[in-house]
Amino acid sequence: MYDDIKQDIYLHFVKYDNLKRYNHSIKVMEKALEIVEQNNFCVDLEQIKLSAMLHDVGKVIPECEQLKIIKERKNEFGLSDSEYEELLKCPNVWHSFVGGVIAKKKFGVTDEAVIDAINYHTSGKPNMSLLCKIIYVSDVIEDSRTYKTANVYREYVKRDFDNGLYEILKEINRMLEEKNEMVFSLTKNACLYYKEKKWKES
Ligand SMILES: [Fe+2]
């Protein structure tokens, strides 16, 4: 399916005049495929390509339109009432769920595993699928990211994928708190979940 819609994905980013975001998506796909190969993960590469290339299709949509979609499609997200109320207060997360809606409606994606990976690529959540974890991590450490500690996290992920995921979740929680931004409870809970998992496995 990816090959059938890859031109349309490109045109989506062209329409919104954001080839930077398209190139980022390509980098996320490359990183995700690299992680799969390094770890010999048994995942469907078609799902990897679709999730990576579609994860940010919502990000190019103006924020007021994102909010409109979030309100219209409330019942499609599988969030509890309290999570949905929180989502309304976390504009940085809207594009993920908007991306899931666009992937379904505009690009005809019916694979719920792909939609799940798109929906949670910003917030993360406890007990993510392998696909979801790979997209989450790849988004943060793809090779064109230039933040100060990018190489540190690339190294963590290369050495131990699950530990790398936990270190990234911890850092994102810390950064959001430092900026006094509201931290979505799914992000906090993801961090606690993977901390406990790490502790149990050690
Ligand atoms: Fe992204």
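Asn 127 counts as exposed because 11 C-beta neighbours lie inside 10 Å (buried means 20 or more other C-beta atoms within 10 Å of the residue's own, exposed 12 or fewer, partly exposed in between, with C-beta atoms placed from the backbone). The model is a predicted one: local features need pLDDT of at least 70 and side-chain atom pairs count only at pLDDT 80 or more, while totals for chains, interfaces and linings use all residues. Residue numbers start from 1 along each chain as its sequence is written. The chain has eleven helices and zero strands (DSSP runs numbered from the N terminus: H or I of at least four residues for helices, E of at least two for strands).

**Overall fold**

- Read from the N terminus, the element order is α-α-α-α-α-α-α-α-α-α-α.
- Along the principal axes, the C-alpha atoms of the chain fill a box of roughly 45 × 35 × 30 Å.
- Of the 202 residues, 38% count as buried.
- Among contacts between residues at least 6 apart in sequence, 68% join residues at least 24 apart (a contact puts the two C-beta atoms, placed from the backbone, within 7 Å).

**Helix 2 against helix 3**

- Helix 2 covers residues 19–39 and helix 3 covers residues 45–54; their axes come within 8 Å and cross at roughly 150 degrees (axes are lines fitted to C-alpha atoms, for helices over the stretch in contact, and angles run from 0 to 180 degrees between N-to-C directions).
- The two helices are therefore roughly antiparallel (over 145 degrees; under 35 counts as roughly parallel, 65 to 115 as roughly perpendicular, and the rest as oblique).
- From helix 2, Ser 25, Val 28, Met 29, Ala 32, Leu 33 and Val 36 take part, and they meet Leu 45, Ile 48, Lys 49, Ala 52 and Met 53 of helix 3.
- By class, the residues of this contact of helix 2 with helix 3 are nine nonpolar, one polar and one charged (Ala, Val, Leu, Ile, Met, Phe, Trp, Tyr, Cys and Pro count as nonpolar, Asp, Glu, Lys and Arg as charged, and the others, Gly among them, as polar).
- Asn 40 sits in the loop between helix 2 and helix 3, and its phi is near 55 degrees, a positive value in a residue other than glycine.
- Asn 40 is exposed, since 6 other C-beta atoms lie within 10 Å.

**Helix 8 and its partners**

- Helix 3 packs on helix 8 at about 45 degrees, with the axes 10 Å apart.
- That angle makes helix 3 oblique to helix 8, and the crossing is right-handed.
- Gln 47, Ile 48, Ser 51 and Ala 52 in helix 3 face Leu 131, Ile 134, Ile 135 and Ser 138 in helix 8 as contacts.
- The contact of helix 3 with helix 8 has five nonpolar residues, three polar and no charged.
- Helix 7 and helix 8 pack at about 35 degrees with axes 9 Å apart, again in a right-handed crossing.
- On the helix 7 side Ala 113, Asp 116 and Ala 117 meet Leu 131, Cys 132 and Ile 135 of helix 8.
- Here, the contact of helix 7 with helix 8 has five nonpolar residues, no polar and one charged.

**Ile 134 in helix 8**

- Ile 134 lies in helix 8, residues 130–141.
- Ile 134 is buried because 29 other C-beta atoms lie within 10 Å.
- Beyond its neighbours within four places in sequence, Ile 134 is in contact with Ala 32, Ile 35, Val 36, Val 43 and Ile 48.
- Asp 162 is 28 residues from Ile 134 in sequence and 9.7 Å from it in space, C-alpha to C-alpha.

**Loop between helix 7 and helix 8**

- Asn 127 belongs to the loop between helix 7 (112–119) and helix 8.
- Phi of Asn 127 is near 50 degrees, a positive value in a residue other than glycine.
- His 121 is placed in the loop between helix 7 and helix 8, and it counts as buried because 27 C-beta neighbours lie inside 10 Å.
- Outside the four places on either side in sequence, His 121 is in contact with His 55, Ser 96, Ile 135, Tyr 136 and Asp 139.
- His 121 and Asp 139 are 18 residues apart in sequence, with 7.7 Å between their C-alpha atoms.

Note on methods:
Left-handed = near helix turned anticlockwise from the far one by under 90°.
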